[in-house]
Amino acid sequence: MKLPARPISRRTLLKRVGGGLASALISPQIHALSSFVLQHEKKALGYTVHDIAAQAGLDFVQISGGDKEKKYILETTGAGAAFFDYDHDGWLDIFLVNSSALGGSLSGIPPQNKLFHNNRDGTFTDVTAKAGLMRSGWGQGICIGDFDNDGFDDLFVTYWGENVLYRNNGDGTFTEVAHKAGIAGAPTRWSTGCAFVDYDRDGWLDLVVTHYVDFSLKDAKDPGSNPYCNYRGLAVMCGPRGLKTEKSTLYHNNRDGTFTDVSLKSGIGMKGDLFGMGILVADFDNDGWPDIYIASDSTPSQLFMNNHDGTFREEGTLRGVAYSAEGMEEAGMGVAAADYDNSGAFSILKTNFSDEVPNLYHNNGKALFSDLDEAAGLNRQTHFVGWGCGFFDPDNDGLADILYTNGHVYPELDRIHADTSYREPRVLYRNLGGGRFEDVSSLAGEALTKPSTGRGCAFGDFNNDGCVDVLINNQGTKPSLLRFQPENNYHWINLKLVGTKSNRSAIGARVRCVAGTLTQIEEVRSGGSYLSQSDLRLHFGLRDQTIIDLIEIFWPSGTIDRLRKIEANQFLRIEEGGKTVTLRREP
């Protein structure tokens, strides 16, 4: 988030006015498709969307400071959400991170994180106390991974304050072991995004953590106290500009339940001047090694390329993902990756602040990127502050669509009735193919268009109907559970990967799925979006294909498994080595 927007430069003005010409020079085919779309009414979505959080029993309110005004930046960032199957029953459970309030809560009961168990009937049961996960504080982000390779996914939660690591005991309960593991961090440090990653491919998950600002209540400035504490004539909370920047942290897994801080040795902690938010891990240059991208708020975002020797080199500027297309710093929040044009390489989506638009950094191959937000049609919404985001395929047409949540950081805006408000609608883009998207939020209805205060956002098929759903942790209010229900007859496949030589969570494994003329890739990924965790299972839409010609799995260990002639519409469990079990089959 950032305070007064810079004046629009002549270059930016010309680019916005003449964006069509600039984009046409990039890809005439894209503009031919755009002209066709504009001449035709939008077709039906192929699914319906409903917010069923209340009916599902998600009794939770995310508390993050005041709702009418925010005195400090700590109150604005909200928190993450997670879909994960903690008890391995084949159904996604839900974890929601809570924060706190200055001066305590009105009820006198500190806000708590919550774990909800999936009842397999569209409802959930609060099992937080039973699972041993009761905790209060300024919670921020969440990521999942089996750090001790015992077959059960563990849970890491970041805080303003000490972070926590919950070891999954395999019996529905967890034990907090952050201090014992050496990853609790400093009592006053502000951690935000996190992701488990086997960066050295030794079969054990390491951990990367981003940090926002060097902040303490003792030294915090009051709203309106300096030029960075005003917005559109309103006195507002200060930051992040004017506050101290941070660096990121990388922990190496010692294989004995403990970790070693290798931030400086690896190069991750050498690069400072960062207001770190969302974190994204993917193999961007297709060399078989995980790279790390960090969205930064009001400072250049960072891309750490893996050197294959335990070290990284930062090349965000060189590779085109540090700034906007105009060369401006932006307020990066959420991040997601997908091969949205099925070109064989992962591109990056990054959400930003009001008066900016999301970046769509298209991977031109070998991790060289071009920001194609305008050419792709993602420049329609300019007043929103974007947070959680993701690529997913709710209509199962084999093309990755986009959803992102929004919500401003200044509730004070509602006093002046500006063109920008505190609560903002979500945005849903349908992938048209050819590198082009269209905004179909209005077709999706109230579940997308109703203004809210979205922050963390996770993706996963919680009801196992073959259609990916969305979980949103809304700041200062109740969560949203967006159930996407299919209305077309397109097919799909859902894959649960289990490592043997590789880490048990299979994080970092890449799958290539070939069905007829459709060829798609995806990776098992920890973290991502905005401080959130999506389903570790991989979902592929197959359009009208009933048979998958090839499923090719590239494991972090170097093992390659190939499965041929697989029937669509089923949930498969695939162990490294090729052992396959059908968990559930749909008609």
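**Exercise 1.** Examine the salt bridge between Asp126 and Lys114, and state where its partners lie and how exposed Asp126 is.

*Solution.* Step 1: in this predicted model, the side chains of Asp126 and Lys114 form a salt bridge with an N to O distance of 3.4 Å. Step 2: the pair links distant parts of the chain, since Asp126 belongs to strand β5 (residues 124–126) and Lys114 to strand β4 (residues 114–118), twelve residues apart. Step 3: the relative accessible area of Asp126 is 39%. Buried requires under 20% and exposed over 50%, so Asp126 is classed as partly exposed.

**Exercise 2.** Determine whether Glu315 and Arg319 are buried or exposed, do likewise for Arg525 and Glu523, and identify the network that contains Arg525.

*Solution.* Step 1: Glu315 and Arg319 meet in a salt bridge at 2.6 Å, N to O, and both residues are buried. Step 2: a salt bridge of 3.7 Å, N to O, joins the side chains of Arg525 and Glu523; both of these residues are likewise buried. Step 3: through shared partners, salt bridges connect Arg510, Glu522, Glu523 and Arg525 in one network. Step 4: over the whole structure, the search finds 22 salt bridges.

**Exercise 3.** Describe the surroundings of Asn494.

*Solution.* Step 1: Asn494 is located in strand β31 (residues 491–498). Step 2: its relative accessible area is 2%, so Asn494 is buried. Step 3: apart from neighbours within four places in sequence, Asn494 contacts Arg537, Leu538 and His539, together with Gln570, Phe571 and Leu572.

**Exercise 4.** Characterise the interface between domain 1 and domain 2 by its area, its contacts and its composition.

*Solution.* Step 1: the domain assignment places residues 53–491 in domain 1 and residues 492–585 in domain 2. Their C-alpha centres are 23 Å apart. Step 2: contact involves 66 residues of domain 1 and 43 residues of domain 2. Step 3: about 3,900 Å² is buried between the two domains, with carbon and sulfur atoms giving 52%. Phe346, Asn464 and His491 supply 18% of the area that domain 1 buries against domain 2, more than any other three residues. Step 4: between the domains there are zero salt bridges, whereas 32 residue pairs are in polar contact. Step 5: elements giving two or more residues to the domain 1 side include β2 (81–84), β6 (138–145) and β28 (454–460). The residues of that side comprise 31 nonpolar, 24 polar and eleven charged.

Terms used. Residues are numbered from 1 along each chain as its sequence is written. This is a predicted model: local features need pLDDT of at least 70, side-chain atom pairs count only at pLDDT 80 or more; totals for chains, interfaces and linings use all residues. Side-chain values use heavy atoms; hydrogens and water are left out. A salt bridge is a side-chain nitrogen of Lys or Arg within 4 Å of a carboxyl oxygen of Asp or Glu. Helices (H or I, at least four residues) and strands (E, at least two) are DSSP runs, numbered from the N terminus. Buried means under 20% relative accessible area, exposed over 50%, partly exposed in between (1.4 Å probe, protein chains only). Contact means heavy atoms within 4.5 Å. Domain bounds come from an automatic or database domain assignment. Buried area is the accessible area (1.4 Å probe) that two parts lose on being put together, summed over both. A polar contact is a pair of N or O atoms within 3.5 Å; within protein, one must be able to donate a hydrogen and the other to accept it, and residues adjacent in sequence count only if both atoms are side-chain atoms. Ala, Val, Leu, Ile, Met, Phe, Trp, Tyr, Cys and Pro count as nonpolar, Asp, Glu, Lys and Arg as charged, and the others, Gly among them, as polar.
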